[in-house]
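Look over the sequence and the structure first.

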Amino acid sequence: MTAQQLQQLSITACKVRMGIVKSTHAAKCGHPGGSLSAADMFTYLYFKELNVDPQAPQWEDRDRFVLSKGHTAPGLYAALALRGFFPEEDLLSLRKIDSYLQGHPNMNTVPGVDMSTGSLGQGISCACGMALAAKVRGKDYRVYTLLGDGEIQEGQVWEACMFASHYKLDNFCAIIDNNGLQIDGDVAKVMSPYPIADKLEAFGFRVAQIDGHDFRQIEDAFREARTVKGQPFAIVMKTVKGKGVSFMENDAGWHGVAPNDQQYAGAMAELSAKLAELEGK
Amino acid sequence: MADVKKMATREGYGKALVALGKEHDDIVVLDADLAGSTKTGMFAKEFPDRHFNCGIAEADMMCVAAGLAASGLTPFASSFAMFASGRAYEQIRNSIGYPALNVKIGASHGGMSVGEDGASHQCCEDFALMRSIPGMVVICPADGVEAEAATKAAYAYDGPVYLRMGRLAVPVFHEEGFQFQIGKGEVVREGSDIAIIANGLMVYEAMKAGQALAEAGIRARIINMSTIKPLDEELVLQAARECGKIITCEEHSVVGGLGEAVCAFLSENCPTPVRRIGVNDVFGCSGPAYEVLEKFGLCADNIVKVTRDFLGK
């Protein structure tokens, strides 16, 4: 990755974060914490990794992305809007009556959303079905899914992991956003999912453990994923919940609460300063 | 009616899958370690590359089916009714129903006629669960031939369908080559003293009751209402207007099934006295299928009794 590419991705990620803050502020609710922890991943996926076409969201041979942790829709929507799937100003309609931007992703209303999700644990299984469909139909698209580290407490996640491994879904990549916090607090205290990587390996995955805010590490992990044959791939990424907005960082309280007007102004000032710095202004 | 050919509805389902598999390469079949019992094993034998055992993991199976459907394939996902509709209810609701994906759920071993396995496996709540999901089509065929035709009709229909089949071999009264129409009931015996609306194996029981009632001078109209949702409202309305009294019969709880669907429709459109024959809000028990059915009043004798009592004759 060149320095210029890194700079560009960082700029885009900052804009994705601004989209998350703007949309949840406008909605007066939503889930900023986990959207911000995954903002760099959303950015990398939609601006580098996924073979998708905003002009043809239903293109049959596209790569698929399933947001298994569907409550972080604000992050996905911001990335989709910036990538050109729909107008950025529509982000302000998030969660409002008659808006197509539902609180959790709806595949039938939002261009670019490949699966309706929101009930934790289900998206990864749906993604497995999509990966299996590629095998059945002889297509070479890849399927990606993003899960929360609290979400993997759902038993169905491990049913899906068995399935991915049993059917050798090497076109499938599960990403775990290990920000360490869920609604009720520290994941290790609520119901420890650790050790995550060891569990995934035991279920037959090849696993990469990375810093989810380092684009070079994200790139290396996805490169490795493409080389693996005969087994599914997982990326366990260590992240900071609320990343990029200092007063939201590492605070479970920001899981599902929107910034008020004052907090919004503070968050936008911080992100704007960051953006100006990245753009060298 | 003594020496009629018998066949389980699950058998008709298995036959239809094989026939459909030969004609359509978009069909894939999923099972949760019950391929021998649900009869998807018949498809697995013919098309091993398009049959996927998901292991004992119904929740995962339903969502895998959703992903397959979202990628252009037509999945049939099978298990026992208890686990298909019960264990995986929320997966069906959120990952199949809400996105309106083209998944067909083939649920076998529905109702009390599971017999010896007992209450844990006698699912009498699946119509209620599946009916409550917006856009879900719910079908319970009455015999093997109808099940085969219904499975083919489910394939031809674009959208989620729940097909409820039984374990027990039951008398076949449909002719080979019968064409199934989703949402259309069928008058299997004419009459206007009372209308008996049934589905599943209760249709044949109602036909036997119809015969016995005729011998007592009561002309009962017997209707096979195999599609519970969408309900054939026109046929129900006609029966209410022409017969004046209605009895519903189903191998399902009286809560949330065919009986309630008929009552709800009639109370708003043509208030009519109705009696519901079904499982009276209790759990089942072990025993040979027909003995269990009789114990819970799911038999021709009870239909006759309820009818005569209802008519005061």
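**Cysteines**

The sulfur of B:Cys243 is 11 Å from the closest cysteine sulfur, that of B:Cys270, which is too far for a bond. This is a predicted model: local features need pLDDT of at least 70, side-chain atom pairs count only at pLDDT 80 or more, and totals for chains, interfaces and linings use all residues. Residues are numbered from 1 along each chain as its sequence is written, chains are lettered from A in the order in which they are written, and side-chain values use heavy atoms, without hydrogens and water.

- Over all chains there are 0 disulfides (cysteine sulfur pairs within 2.5 Å).
- B:Cys123 is in no disulfide, and its nearest cysteine sulfur, in B:Cys124, is 6.7 Å away.
- B:Cys123 is buried at 0% relative accessible area, and B:Cys243 is buried at 8% (buried is under 20%, exposed over 50%, partly exposed in between; 1.4 Å probe, protein chains only).

**A:Ser272**

- A:Ser272 is partly exposed, with a relative accessible area of 33%.
- A polar atom of the A:Ser272 side chain lies 2.6 Å from the backbone oxygen of A:Met268.
- A:Ser272 and A:Ala234 are 38 residues apart in sequence and 33 Å apart in space, C-alpha to C-alpha.

**Domains of chain B**

- Chain B is divided into domain 1 (7–171) and domain 2 (186–311), with bounds from an automatic or database domain assignment.
- Their centres, taken over C-alpha atoms, are 25 Å apart.
- In contact (heavy atoms within 4.5 Å) are 32 residues of domain 1 of chain B and 35 residues of domain 2 of chain B.
- Between these domains there are 0 salt bridges (a side-chain nitrogen of Lys or Arg within 4 Å of a carboxyl oxygen of Asp or Glu).

Definitions and conventions
Polar contact = N/O pair within 3.5 Å; in protein donor to acceptor, adjacent residues only side chain to side chain.
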